[in-house]
Amino acid sequence: MPWKNRIVLSIKTCGLLWSAALTAGAGLPAAAFAAALAVEEVAPGVFVHAGLHEEADGGNQGDIANCGFIVGAEAVAVIDSGGGPAVGERLREAIRRHTDRPIRYVITTHMHPDHLFGNAAFLTDEPVFLAHRNLEAALMARADHYGRRFAEATGTAVEVVPPTQAVAGRMEIDLGGRVLELVAHPPAHTDNDLTVFDRRTATLWAGDLIFMERAPAIDGSVLGWLKVLRTLTAVPAARVVPGHGPAAAPWPEAASDLQGYLGRLVAGIREVQKAGGTIRQAIDRVGTEERPKWRLFDDYHPRNVTAAFAELEWAEPE
């Protein structure tokens, strides 16, 4: 899509009347978020910032998910821009400390705010904003809610920048001697999950299709997620960049805890349903042994059981 035709949903254009005090960095110490993000070069030319295992608040300004970039001979691709305006600006500063090559692409792995609220920091670079073909509709349906929640939690307003090019199926982009393969997946973590595979270093960027350390969140299909994970574990990657967790981890070993959690969820809920049990009983019983493995378990596990219970009520056993 030509740059002049890009769609930007801002506070003004969508009619959201947040307080004028909700500006980037409001109420924070001067220069609190001025420094470049710390990034780790997990493979040659592949840089990752590991987010905090927290919920977004005024202290972290949305720095709660992994984000980063890949440098080619001619251009740079950002993969997830960070969870807030300040995070995006700091990620851009980190890129500029490593290279002056143009930022040609900003790739979003899925619709959740902690992975895309930094997009506006890259508008001046005039990149192609790439995402799953389902992302724009899902994001626009939730933009008001996401923006209000972020403003209330952090004291910062956001400009929501939707994709300018959609990915359906597979797509390749070339950064100059460096080809990235983008794959749009069926419903799993969400209905708009996208992965990026860097062929040169065999690095798989999985977004939130892979959670490590922090409790996962089901916002799509638990059965679909398990199927996608079976597909992903066959990808010949040396390492994975998860959406949450360390900057990188060995592949496919990094998927084992998540596969175990989701599998136990399905098995446990089906057992409760077979006995005529309720969602409340499932929340109290199913998967509680997993608590020691996951940060924020009590914040997300009950929601996961509820979502999976509803899905499995109508799903045929495999």
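**Notebook: a look through a predicted model**

I began with Arg101, which is partly exposed, with a relative accessible area of 34%. I noted the ground rules next. This is a predicted model, where local features need pLDDT of at least 70, side-chain atom pairs count only at pLDDT 80 or more, and totals for chains, interfaces and linings use all residues. Residues are numbered from 1 along each chain as its sequence is written, and side-chain values use heavy atoms, with hydrogens and water left out.

**Entry: around Arg101**

I placed Arg101 in the loop between helix 1 and strand 5. Helices (H or I, at least four residues) and strands (E, at least two) are DSSP runs, numbered from the N terminus. Which residues does Arg101 contact, leaving aside its neighbours within four places in sequence? I listed Val71, Gly72, Ala73, Glu74, Ala75, Val76 and Arg96. Contact here means heavy atoms within 4.5 Å. I also checked Ala73 by C-alpha atoms: Ala73 and Arg101 are 28 residues apart in sequence and 8.1 Å apart in space.

**Entry: strand 5 and its partners**

I moved on to strand 5, residues 103-107. Of its 5 residues, 4 are buried, so I wrote "mostly covered". Strand 4 (residues 76-79) pairs with strand 5 in the parallel sense, over 4 bridges. Two strands pair if DSSP finds at least two bridges between them. In this pairing I found Ala77 opposite Tyr105 of strand 5.

I then traced the path from strand 4 through helix 1 (residues 85-98) to strand 5. These make a right-handed β-α-β unit. A crossover is right-handed if, with the strands pointing away from the viewer, the path from the first strand over the helix to the second runs clockwise.

**Entry: helix 4 against helix 5**

I looked up how helix 4 (residues 222-232) meets helix 5 (residues 256-274). They pack at an angle of about 145°, with their axes 10 Å apart. Axes are lines fitted to C-alpha atoms, for helices over the stretch in contact, and angles run from 0 to 180 degrees between N-to-C directions. Helix 4 gives Val222, Leu223, Trp225, Leu226, Leu229 and Arg230 to the contact. Helix 5 gives Leu258, Gln259, Leu262, Gly263, Val266 and Arg270. I sorted these residues into 8 nonpolar, 2 polar and 2 charged. Ala, Val, Leu, Ile, Met, Phe, Trp, Tyr, Cys and Pro count as nonpolar, Asp, Glu, Lys and Arg as charged, and the others, Gly among them, as polar.

**Entry: backbone points in loops**

Where is Pro252 found? I found Pro252 in the loop between strand 13 (249-250) and helix 5. A cis peptide bond joins Trp251 and Pro252, with omega about 10°.

I noted two positive phi values in residues other than glycine. Phi of Glu126 is near 50°, and Glu126 lies in the loop between helix 2 (113-116) and strand 6. Phi of Ala202 is near 55°. Ala202 lies in the loop between strand 10 (194-198) and strand 11 (203-211). Is Ala202 buried or exposed? Ala202 counts as buried, because its relative accessibility is 17%.

**Entry: the whole chain**

The protein chain has 7 helices and 13 strands. Buried residues make up 56% of its 318 residues. Among contacts between residues at least 6 apart in sequence, 69% join residues at least 24 apart.

Technical notes: Buried means under 20% relative accessible area, exposed over 50%, partly exposed in between (1.4 Å probe, protein chains only).
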